[in-house]
Amino acid sequence: MTGIIKVLLAGESWVSTASHIKGFDQFSTVTYHTGADALETALSGTDIALTVMPAHLAARDFPQSMDALAEWDVVVLSDLGANTLLLHPDTWVAGKPTPNRLKLLRRWVEEQGGGLLMCGGYYSFQGINGGARYRATPVEAVLPVSIHPFDDRVEVPEGFTAEVLDTGPDGMLDGLDAPWPLLLGLNETVAKADARVLARAPEEDGGHPLLAVGEAGRGRTAAWTSDIGPHWCPDPFCAWPGYPVLWRRLFTWLAGR
């Protein structure tokens, strides 16, 4: 199979508020931020057509049916907690039943051969204070890693260099020679028995999976447990020549191409 690979990335946006106090006076500001800029740049002009659905839109606009999911070859959940997909505004505001999109994702992978990737972050896997809440969900059931019930962040402010264990299916990591640039953290997970762990953190930082791939029913899934951009994935990693190669090959494999 050839042609354009359509990838939907849900998440990677946030709104920050700040209070500024200057003596007697104070004021507040609100700023909007995005975290997928480096990935969008890396894939620009390639056969990977990446569409980013910001977190504040995903609650309403993320696909609610198998037919809607069928428009995509790969779906990425990145720094987007389970609540955003579970609580459509019709349910949260109006108290109406709506489709369970975590169950839909599992069915789409297993029955329709979809490719699902979860990328790390403060609201990925189990996340900060356990708030991402993907443990024991249908999404965890198809991922190649198991998720802890606690805050699973591993902060490595001094940086760690990934250990490549396996070049992966279709030689996914061929030519991406060590050492990789530093990463500054990841979500702690445990590889499932049938998973293929391609890269991990070094033992001194826990030896946790960094990139794991697997199959679920007719589909393929992967876990990249660090960020796709700052802060855990700093600018030198994003500027590394291997960065676009890694993502293009991973999406191609997930799409079954």
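User: Why is Cys 233 called buried?

Analyst: Buried means under 20% relative accessible area, exposed means over 50%, and partly exposed lies in between, with a 1.4 Å probe and protein chains only. Cys 233 has a relative accessible area of 0%, so Cys 233 is called buried. Cys 238, with a relative accessible area of 16%, is buried as well. This is a predicted model, in which local features need pLDDT of at least 70 and side-chain atom pairs count only at pLDDT 80 or more, whereas totals for chains, interfaces and linings use all residues. Residues are numbered from 1 along each chain as its sequence is written, and side-chain values use heavy atoms, with hydrogens and water left out.

User: What makes the protein chain as compact as a globular protein of its length?

Analyst: Helices (H or I, at least four residues) and strands (E, at least two) are DSSP runs, numbered from the N terminus, and the protein chain has 9 helices and 14 strands. Its radius of gyration is 18 Å, close to the 18 Å that the globule rule gives for 257 residues, so the chain is as compact as a globular protein of that length. The radius is taken over C-alpha atoms, and the rule is 2.2 Å times the number of residues to the power 0.38. Along its principal axes, the C-alpha trace spans about 60 × 45 × 40 Å, and buried residues make up 50% of the 257 residues.

User: Why is Gly 130 called buried, and which residues does it touch?

Analyst: Gly 130 has a relative accessible area of 15%, and it is therefore buried. This glycine is found in the loop between strand E6 (115–119) and helix H7 (138–142). Contact means heavy atoms within 4.5 Å, and Gly 130 touches Phe 150 and Asp 151, not counting residues up to four places away in sequence. Gly 130 and Gly 81 are 49 residues apart in sequence, while their C-alpha atoms are 9.9 Å apart in space.
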